[in-house]
Amino acid sequence: MSASAGWDTIIVGAGAAGCVLANRLTASGRHKVLVLEAGGPDNRLWIKVPAGFTRTMLDPAVGWGYENAPAPETADRAIPCPRGRVIGGSSSINGHLYVRGQADDYADWVAQGASGWGWDDVLPYFRRAETRAGGDATVRGVEGPLQVTDPRMQHPLCEAFISGMQSLGEPRNPDYNRGDQRGAGYYQYLMQNGRRWSAADAYLRPALSRPNLAIHTHAHVTRVVFEGQRAVGVEYRQGGALHVARAASEVILAGGAINSPQLLQLSGVGNPALLAQHGIGVVHAAPGVGENLVDHYAVRVASRVRGVGSLNERTHFPRLVLEVLKYMVARRGVLASAVAHAYGFVCVAPEGGRPDLQLLFAPASFQGGKMGRAKMETAPGMTCGVQQLRPLSRGHVRIRSADPFASPVIQPNYLKHEADVATLIAGIRFMRKLYASTPLARHVAHESWPGADVASDAQLVEFARTTGATVYHPVGSCRMGSDADAPVDAQTLRVKGLAGLRVIDASVMPSMVSGNTYATTIMIAEKGADLVLADQG
Ligand SMILES: Cc1cc2nc3c(=O)[nH]c(=O)nc-3n(C[C@H](O)[C@H](O)[C@H](O)COP(=O)(O)OP(=O)(O)OC[C@H]3O[C@@H](n4cnc5c(N)ncnc54)[C@H](O)[C@@H]3O)c2cc1C
């Protein structure tokens, strides 16, 4: 076993949060930082090409290959749970959408004991992180590392979708990232000049030349090393050998919502009963580690299209050749597009209130209704993903064995809470109303997925349970809060009861935000970096 020392801080994971931390913590030149990433470089073509998302998301060369544990509420299926294992982490394989959530989400966090994380507290970090040309400068950033851009294509079906929403009383909202999401419009993308703009592009690459930053790839951290109750380093496997790296100041876990709790448990920080079951000695009893997992779960409603083309026809020979040329010459066309083009944030709760449903619309349709996870169909089609914004079901991440290379049990318990089922079914019905609205109806030949014969509540529930899938947003498994069960302290992001150890990634969210989770993770890491720097002087 080799040993290295001389680092002030060790960051586990060069994913979304890890890249932010690597940049911010080394900017002054005063702190020596080592980043350990289990995956390899992010130099594959399909990582850079936006439409490559459909190819990389389940590619074992850049991902962990996780599956959610089967559960009766989702027909005992092992639903894939893609997570990036590559420089940039999941930001190198994600769907490019930039969504901050609602101001009220952060009020919810404060109410759950995360004081200091209200909308007014976090807004400066959202702004610091991004460059958004032409936005409202009081809420949008103008000189941050993230490039937040508009789609390079506005398809007529998207316009019909937005007009359809307006015909149902929903406003056309030019910017859903101001704290109040309600309405419809085009998604904002994390792209620059028709290419993916990952956290590695935004934060890591600009810092790579700093002499006080080192990054080791294919370095899988297997446990945190403790001396008493203080984390003093990590053990990791790289090139078939075991290494130890020591940190003078602290270890920061940025492994994401699945791997950070797993690593804590492997290191003796977790529920004592679980640790005992796998023969792991308790360093610190923290039963909340790995609990409170929450994820978005979506179903898709698709339609055959008439009177206008869709993207389907452009992804098959011979028109695909044209698209490839268009991309090579101008970085435009189908290959420069994310899967979801237009958005809707609506409230379907009978009592009204904040939006509780997100719509992800694509002027394209996919085999088996699998939006973005299967080849596009050949006949023209359109699809809308329907997801409840703030699920109440909670699950867990628990180690399966003491083997650090074994995947943990990931159980999000989708649709366990009856309210989640009710919102999803109301969402499908809303979507059907939208397809029937005048602007969209003239383009609907017939509903192709699930099909008009799936009509009763019971049939829709069955459809949701048997065909829904993750929207790739697991969070909350090392939640921050002030109650005794919350494993992470909200003021410092330190693991409670231990010294020299923090968690800074998507796992610390106390509850789900209303939308895709990348922007919020970046915000957490921006604020987390300030907390670390304040402590390190
Ligand atoms: C397919 C997909 C599509 C998505 N689409 C969107 C979207 O369009 N918009 C959006 O907002 N969000 C999206 N997300 C979610 C978003 O990408 C995540 O919320 C965000 O990346 C989480 O950041 P993180 O830093 O917590 O974890 P990650 O970005 O996953 O980074 C964790 C990193 O830690 C590394 N790591 C883990 N364990 C170890 C270990 N033991 N040793 C060393 N390294 C380790 C991993 O390899 C990885 O690089 C998507 C996610 C996926 C997977």
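Visitor: How far apart do the C-alpha centres of domain 1 and domain 2 lie?
Guide: The two centres, of domain 1 and domain 2, are 29 Å apart. The domain bounds come from an automatic or database domain assignment. Please note that this is a predicted model, where local features need pLDDT of at least 70, side-chain atom pairs count only at pLDDT 80 or more, and totals for chains, interfaces and linings use all residues. Residues are numbered from 1 along each chain as its sequence is written.

Visitor: And which residues belong to each domain?
Guide: Domain 1 consists of 1–149 + 187–295 + 389–413 + 474–537, and domain 2 of 152–186 + 297–388 + 415–467.

Visitor: How many residues are in contact between them?
Guide: On the side of domain 1 there are 36 residues in contact with 36 residues of domain 2. Contact requires C-beta atoms, placed from the backbone, within 7 Å.

Visitor: What kinds of residues does domain 1 put on that side?
Guide: The side of domain 1 that touches domain 2 has 16 nonpolar, 13 polar and seven charged residues. Here Ala, Val, Leu, Ile, Met, Phe, Trp, Tyr, Cys and Pro count as nonpolar, Asp, Glu, Lys and Arg as charged, and the others, Gly among them, as polar.

Visitor: Changing topic, how many residues of the protein chain count as buried?
Guide: Of its 537 residues, 57% are buried, that is, 20 or more other C-beta atoms, placed from the backbone, lie within 10 Å of the residue's own.

Visitor: What does the C-alpha trace span?
Guide: Along its principal axes, the C-alpha trace of the protein chain spans about 70 × 50 × 45 Å.

How values were computed
Buried ≥ 20, exposed ≤ 12 C-beta atoms within 10 Å, placed from the backbone. Contact = placed C-beta atoms within 7 Å.
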